Amino acid sequence: MKTWFKSTAGLMLAATLVLSGCGTKPAPQDAANGSSKPSESSAGASKKGEKFNIGMVTDIGGVNDKSFNQSAWEGLNEIKKETGANVKYLQSKSDADFIPNLNQYVKDNYNLTWGIGFLMGDAIKTVAAQNPKSNFAIIDNVVEGPNVESVTFAEQEGSYLTGVVAGLMTKTNKVGFVGGLEIPVVKRFEVGFKAGVAAVNPNAKVNIIYAAAFDKPDLGKAAAATMYNDGADIIFHAAGATGNGVFNEAKDRVKAGKKVWVIGVDKDQSLEFGDDVTLTSMVKRVDQAVKRVTMDVIDGKFQGGKNVVLGLKDDGVGLPDTSKKNVPADVLKKVDEYKEKIVKGEIKVPEK
């Protein structure tokens, strides 16, 4: 397995490839409809990806979920800035939108169509089989097909490290996990987190609640309220936009003088929700995975029929450098020790 990401200033950045290629000249797109035009600063200067159209279909969490959909879109916008490629997203309000949205890009002869999230798996499989000359890629699910590249992550490994943090820092010996849908990718977060807590604090209890949605912040808020009322002082969420409600509940309690924490997911969520409630985050580099595969398309190196799994040794998952704001140095030292053991294979983190 290749290591795609390197750590720079606490964040992992993908090595930029020299790009060349050809394709259909993209028609002007409306940014209000989720597209991104080449910037005016690049006008008159040829960019190597400007003849490429790259589309992305969100799952029901939406492009502004503060989580994996948003991270994927940020990756495509980096592609646009660096290569001049035309990038666009279509937002799915329900799973009934998946196939129509994917087919829209096929109809418009896009060079690559992304499906973001586990829930997109069946739709990608169907549309890819019906359109063998089109290229597809998916995040968080494996779709077998000669024209599909799948990218998944070892979420359990990064989540184990958040469990180490929670287990060492809880003052009540009660912590919580709020999941969105109870699907394999979210279970990996849950199981890894529980294993990390148990490794450092076998006396701590982990309460689990699944909200059964990725797009319902009110359900996340209610789940968090239940856990905090039961004595939990740290909650890790893997619930997409539903997890925004976990942060909202924590903020309300902090304002009322009660100290509670949230561990964010996918992105460094302290940048969105603040250091007063964000203990750390389990960062999953969806943005850089999207960049890498998209750049392969532009460079003529797209490899359909491939699945790549990114874990701690690839810097595909991990904790952000901002963790040091709220996590003591001795705890971070323990995190590093456990990370090294996982990378070396001395610890095999369960995933279900």
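A residue is called buried when its relative accessible area is under 20%, exposed when that area is over 50%, and partly exposed in between, as computed with a 1.4 Å probe on protein chains only. The model is predicted, so that local features need pLDDT of at least 70 and side-chain atom pairs count only at pLDDT 80 or more, while totals for chains, interfaces and linings use all residues. Residues are numbered from 1 along each chain as its sequence is written, and side-chain values use heavy atoms, with hydrogens and water left out.

The structure holds 24 salt bridges, each being a side-chain nitrogen of Lys or Arg within 4 Å of a carboxyl oxygen of Asp or Glu. In one of them Glu190 pairs with Lys187, with the closest N and O atoms 2.9 Å apart; the two residues are 3 apart in helix 5 (residues 184-200) and therefore separated by about one helical turn, helices being DSSP runs of H or I with at least four residues and strands runs of E with at least two, numbered from the N terminus. Lys187 is partly exposed at a relative accessible area of 24%, whereas Glu190, at 3%, counts as buried.

A further salt bridge links Asp140 to Lys284, the closest N and O atoms lying 3.0 Å apart. Because Asp140 lies in the loop between strand 7 (136-139) and strand 8 (148-153) and Lys284 in strand 13, this pair ties together parts that are 144 residues apart in sequence. Both Asp140 and Lys284 are buried.
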